[in-house]
Amino acid sequence: MYETPEDTKALQRLLDDSYAGAGPHLRRIVDEDRRLDAAGVVAALDGIKIMALATAGPSGDPRVGPVDGHFYRGRFYFGSGPDSVRVRHVRARPEVSATFFDGLRLQVTVHGKAVRVSPAEDPALENCLIELHGRALWDEWLKDMAWFRIDPRKMFTFHSPEPEKEP
């Protein structure tokens, strides 16, 4: 957990503002008892989390695929091969959506703009990624990935302390 008190306050404000602007359907499903606060989000997203990342193709057609998600300083980060289709999509159309989910127990969804970052220029971020993935993988190929941070416009959570049984 790398969040500063200011990061946590900003995350809580984002969560509250997003929920306040949510439609009636979402608010019926995600009542106050099923929302996570900022501290809960930070705790739930510790480590590497596989998330579904939605990008837009050349004609606006949606594309969803899995990425390693890293939650750092109140934001999601992800990487992909610099020559990947995903990176081409994000560079041309940076608006993205991503969801981490753990069955019926937990979901965190973010809508925002993917911004290219350079871990080499942010030693704290680079150290976080090395800690999560290990020095060998970082040096071997992860340091050469195209890395992005999602600057969120909205973020929604769903938490079920006693999840229903999955089929």
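User: How many residues does the largest nonpolar core have?
Analyst: This is a predicted model, where local features need pLDDT of at least 70 and side-chain atom pairs count only at pLDDT 80 or more, while totals for chains, interfaces and linings use all residues. Residues are numbered from 1 along each chain as its sequence is written, and side-chain values use heavy atoms, leaving out hydrogens and water. A nonpolar core is a set of buried (under 20% relative accessible area, 1.4 Å probe, protein chains only) Ala, Val, Leu, Ile, Met, Phe, Trp, Tyr and Cys residues joined through side-chain atoms within 4.5 Å. Leu 11, Phe 78 and Ile 150 are among those with the most contacts inside the largest core, whose residues number 28.

User: Which residues of helix 1 are buried?
Analyst: Helices (H or I, at least four residues) and strands (E, at least two) are DSSP runs numbered from the N terminus; helix 1 covers residues 5–20. The face turned away from its buried side carries exposed residues (over 50%), including Lys 9 and Asp 17. The buried ones are Asp 7, Leu 11, Leu 14, Leu 15, Ser 18 and Tyr 19.

User: What do the buried residues of helix 1 pack against?
Analyst: Contact means heavy atoms within 4.5 Å. Leu 11 is one of these buried residues, and it also belongs to the largest core. Their packing partners are helix 2 (24–29), helix 3 (38–44), strand 2 (62–72) and strand 6 (146–159).

User: In what order do the strands of the closed barrel run?
Analyst: Two strands pair if DSSP finds at least two bridges between them. Strand 1 and strand 4 are joined by 3 bridges, and strand 3 pairs with strand 6 over 5 bridges. The barrel has 6 strands with antiparallel pairing, in the order 1-2-3-6-5-4.

User: Which residue is the bridge partner of His 70 in strand 3?
Analyst: Strand 2 and strand 3 are antiparallel, with 3 bridges between them. Their hairpin has 2 residues between the strands, and Arg 73 takes a positive phi near 55 degrees there. The partner of His 70 is Tyr 77.

User: How many residues of strand 3 are buried?
Analyst: Helix 4 (residues 85–92) lies across several strands, including strand 3 (75–80). Strand 3 is mostly covered, and of its 6 residues the number buried is 5.

Conventions: Expected span 1.5 Å × (residues − 1). Axes fitted to C-alpha atoms, helices over the stretch in contact; angles between N-to-C directions.
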